[in-house]
Amino acid sequence: MPQLPPPLWAELHYDGVWNSITDDVRQMSPVVITRGLSSESASVAEPTSCECVLDSRDHRYAPRNPASPLYRKIGRNTPMRLGYQVGSPWAEMDGGLTYNSLFVNDNPALDITGDFDLRIDLALEDWAESQMLALRYVPTSANESWALEILDGVLTFMWSPTGVFATRITRTATETLKGYRGQRMTVRVTLDINTGSGYELRFYTGRTVNDTEWNLLGDPVTGTPATGVYAGSGYMEFGGGFAFNATPAGGVLNRMRGKAYALQLRDGIDGTIKVNMSTRSATAGGTSFVDSTGLTWSRGGDAVLTNKHIRMAGEVPAWPPTRDLSGNDTFVSITPTGVTMRMDSGNKPIDSALLRYIKAQQPIDCWPFTDGADTIQAQSMTGGSPLRVSLGFGSTQPSWGAGALAEWIEPTISLAAGTDGVIAGAATLSDPGTEWSVDLCFSGVTASGASIDYAITDRSDGTDADPIGLWTVTVDKAANAITLSRASIGETASSVSSLTTISSPGVFDNSPHHVRLTVDISGATSPWEIYVDGVSKDFGTHLAPSRSPRRIRTGWFLNSVSEGTGTPSFGYLTYWGSTAPAASETYSALAGFTGELAGARIERLTAEAGYVASVAGEEAQQEPMGIQGRKKLLELLQEANRTNFGYLLEARDRNELIHRGHSTLWNQPPALTLDFSAGLISAPFRPVDDDKLTENDVSVKREYGAVPARQVLEEGELSVQDFPAGVGRYDNEYTYSLHTDGQAGQVAYMRLHLGTYNGVRYTRITLNLANPRVYAMIDDILSVDCGDKIRLTDLPEDHGPDDVDVLVQGYTEEAGPDAWKITFNCVPAQPWTALVLGSSTTGRLDTGGCELAEDLTEVETAVDVTTTGDRRWVDSATYPAEFPFDIRVGGEVMRVTACTGTTASQTFTVTRSINGVSLTHSTGADVRLATPVYLSL
């Protein structure tokens, strides 16, 4: 039963551990948590925030009070987390090599010798971490059956037909499992042991073990010959192996690190449930429990059964002391916030993708040439020696801060026509390891007669026995080539070797380009390789030893170039050791990481800035990004989130960022189902049916791209036509970061699709958790997060006969002495119903148009229809397996059990009033699938 105030707990992180402050939280003052998007029209999530009051009569929460036991332990941005200890437990497991699991001893219910179907509901601390998930694998007495593992983010199933490790079969999913850190999901593996030609294995993801629709993870995996799973007499474990924690290759594997909720094992694919374990049958703090199939489960090792929910994790930015009028009561009203609050502070745009990347890779030296208009030399960003300018006779200084490698990169230097010169200096004395590399970025070498170069002098003695090596890379427009030479300079003798000429390298334009020279210095000869725009163009071996760089210079020769014909810019002269990043990655950074997947960009940007982010959503369904510009960090993160039509917000249980990509939003099963007639929904409950979110004429332009793409709804109730044929024009134009111009059309259509949803919107749903009927659903309610679906059933008659699905954008929850409630901010979920081939519910496309060919009474079951679109309906004689299906005519749903006719004119046999509505209908009435589906991004 619920209680007021609810059982709240809170902790501060200091001295390297989490410390309870539960007793100091004043629950006579409401604790309010706000997370996600604040309204249906909000485009970005605000930082998660919390309001609470701490008792500080002993002045302990005063960071500047030397007498406080917390002096110099707390202060600005001290980590804090809080939540409730309510509802059913789960099994918490610490992973690593420490044993922890839920286990059930041998029982005939565990013996699956035919087709195999395993489903486990869990939340992992890191879905990319290799770890054991579940197994019935005892490596003694030929008792080895099966094991489900994650290896480098890939679901892996191993089984033995004979019970011994030597005959094991191992298969992996063809798609990496993508989940944000701490995300809860259900993973499923099915094994058809005999398809007639061998076996077939499938991996899936879902929300619960009882889902009827699953997301196939990658492609089915097949093999030969037919197989089987050895039954044995071993125990079964969820979380880790007591006696077995090995990879298929025999290496040591960590045990599961995260939360275990449920396990279901079926005899046959979608077959009889043999094991149906849920920790909802357990008691927090307990050691064993009985599942719904009568099996007794026990916790093993360090696993614990707990119901300690984390509702907010953030940082406390300030500790303002407050006193009452008497001065006897002192308390601190704090507002811990999510990490994006700090990310968004200030107004400084971040460095370019290239500069950020180079900094993160820690070169030995880098001179970006971004010093600005008043400089006279190039400063090293790593603290090395500056490079100084030497000009040819009559030449003028280059224009610092006026050059442009590209629009998205910091201004560098622009070289003047009719001049020549060099910029040179000492390389940092540092051990580069077995090889060194030097990069130069440039653009604008377009004028006839223009050339630039860079050269590296090594640390040889300069004697005839140990001559200095001089490596020179020249980019020459007149020759339409890049050349590499190596000079040997001794006391009395010198020589020059031409090592390669790369003809037509494709760099003589105004785009940014990158050249790298790599030299091996580990032996008596000097293997070398030269890269252009990330691609190896040539390699070879110079028959003399080389040393690490002593001096580095770059130069230009524009004496024959006339004013107005274009002059080059260069910059980011970088000296790497043997740990240099790949040339292809460095060029990708120069190009602004164009084509990078949205989730990968979010993870990279946060890592470069010292934060942590993780992403949910298959990589194959993430949107490729355009060029990364010079914007604030949070703006770039939101840009990637926007392109991927997802949610970017702080994790609920840790001070990190998470991103839910659009692929996680389509076709979700509901996380929570609310029966309105049962009194589960509290006031205010005011659905709206207005034009607030309407967009029926949408243009989208690719940033740094060409002409905008445009999508217009020309016909229909929400079309651009004037009333009553439509609603008039609602036009908007947007700019997106996109990899190709073709994506702009897809994004415009997606916005048009969301902006022309023709239905009532349920923007606020409030639940009173102090209501016993609502509290009975506390486990499901507290599992709901931003991006999840809620289903509303049995709504009042004036709302229409159908169930309504909404997506949660954000929420506010209040816990205090007088109220415990949560209000979800929602948008319609019906537009997020995608076509899934082979699905029994979302695997059917609608016609391009269909209408009644006759008037219908309320009871007629033979319905004549005429298809006006390109494709008719399937007929039951040719496609009997495709029946039945539901159609909607007016407000009535009918079930089509048969269809005759193979032309545009057909006759349906229907069952009427499937949704409880029975109406008369006129000739020409629109006929549609009851549940329309859409093609996802």
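**Figure 1. Glu92 and its partner Lys259 in a predicted model.** Glu92 is partly exposed, with a relative accessible area of 21%. The model shown here and in the other views is predicted. The side chain of Glu92 meets that of Lys259 in a salt bridge, with 3.8 Å from N to O. The two residues come from distant parts of the chain, 167 residues apart. Glu92 sits in strand S5 (residues 78-96), and Lys259 sits in strand S17 (residues 255-267). Lys259 has a relative accessible area of 15%, so Lys259 is buried. Why can such side chains pair? Side chains of opposite charge can do so when their charged atoms come close.

Figure 2. Lys178 lies in the loop between strand S11 (169-172) and strand S12 (184-192), while Glu603 lies in helix H4, so the pair ties together parts that are 425 residues apart in sequence. Is Lys178 buried or exposed? Its relative accessibility is 17%, so Lys178 counts as buried. Glu603 has a relative accessibility of 28%, so Glu603 counts as partly exposed. Salt bridges also build a network through shared partners. Its members are Arg356, Glu596, Arg601, Arg604 and Glu608.

**Figure 3. Helix H4 packed with helix H5.** Two packed helices are described by the angle between their axes and the distance between the axes. Here H4 covers residues 598-608, and H5 covers residues 633-643. They pack at an angle of about 165 degrees, and their axes are 8 Å apart. Angles over 145 degrees count as roughly antiparallel, so H4 and H5 are roughly antiparallel to each other. Their crossing is left-handed. Which residues of H4 and H5 make the contact? H4 supplies Ala598, Ile602, Leu605 and Thr606. H5 supplies Leu633, Leu636, Leu637, Ala640 and Asn641. By class, seven residues in this contact are nonpolar and two are polar. No charged residues take part in the contact.

**Figure 4. Asp329 and Arg26, a buried pair.** The side chains of Asp329 and Arg26 meet in a salt bridge, with 2.5 Å from N to O. Asp329 lies in the loop between strand S22 (321-323) and S23; Arg26 lies in the loop between strand S2 (17-20) and strand S3 (31-36), so the pair ties together parts that are 303 residues apart in sequence. Asp329 is buried, and Arg26 is buried too. How many salt bridges does the structure hold? There are 55.

**Figure 5. Thr337 and the residues around it.** Thr337 is found in the loop between strand S23 (330-334) and helix H1 (340-343). Its relative accessibility is 11%, so Thr337 counts as buried. Which residues does Thr337 touch, leaving aside those up to four places away in sequence? They are Thr48, Ser49, Met312, Gly314 and Glu315.

**Figure 6. The whole protein behind the close-ups.** The secondary structure comes to eight helices and 56 strands. Along its principal axes, the C-alpha trace spans about 105 × 75 × 75 Å. The protein has 937 residues, and 53% of them are buried. Of the contacts with a separation of 6 or more, 67% join residues 24 or more positions apart.

Notes. Residues numbered from 1 in each chain as written. Predicted model: local features only at pLDDT ≥ 70, side-chain atom pairs only at ≥ 80, totals over all residues. Heavy atoms only, no water. Axes fitted to C-alpha atoms, helices over the stretch in contact; angles between N-to-C directions. Helix = DSSP H or I, 4+ residues; strand = E, 2+ residues; numbered from the N terminus. Parallel < 35°, antiparallel > 145°, perpendicular 65-115°, else oblique. Left-handed = near helix turned anticlockwise from the far one by under 90°. Contact = heavy atoms within 4.5 Å. Nonpolar A, V, L, I, M, F, W, Y, C, P; charged D, E, K, R; others polar. Buried < 20%, exposed > 50% of the residue type's maximum accessible area, 1.4 Å probe, protein only. Salt bridge = Lys/Arg side-chain N within 4 Å of Asp/Glu carboxyl O.
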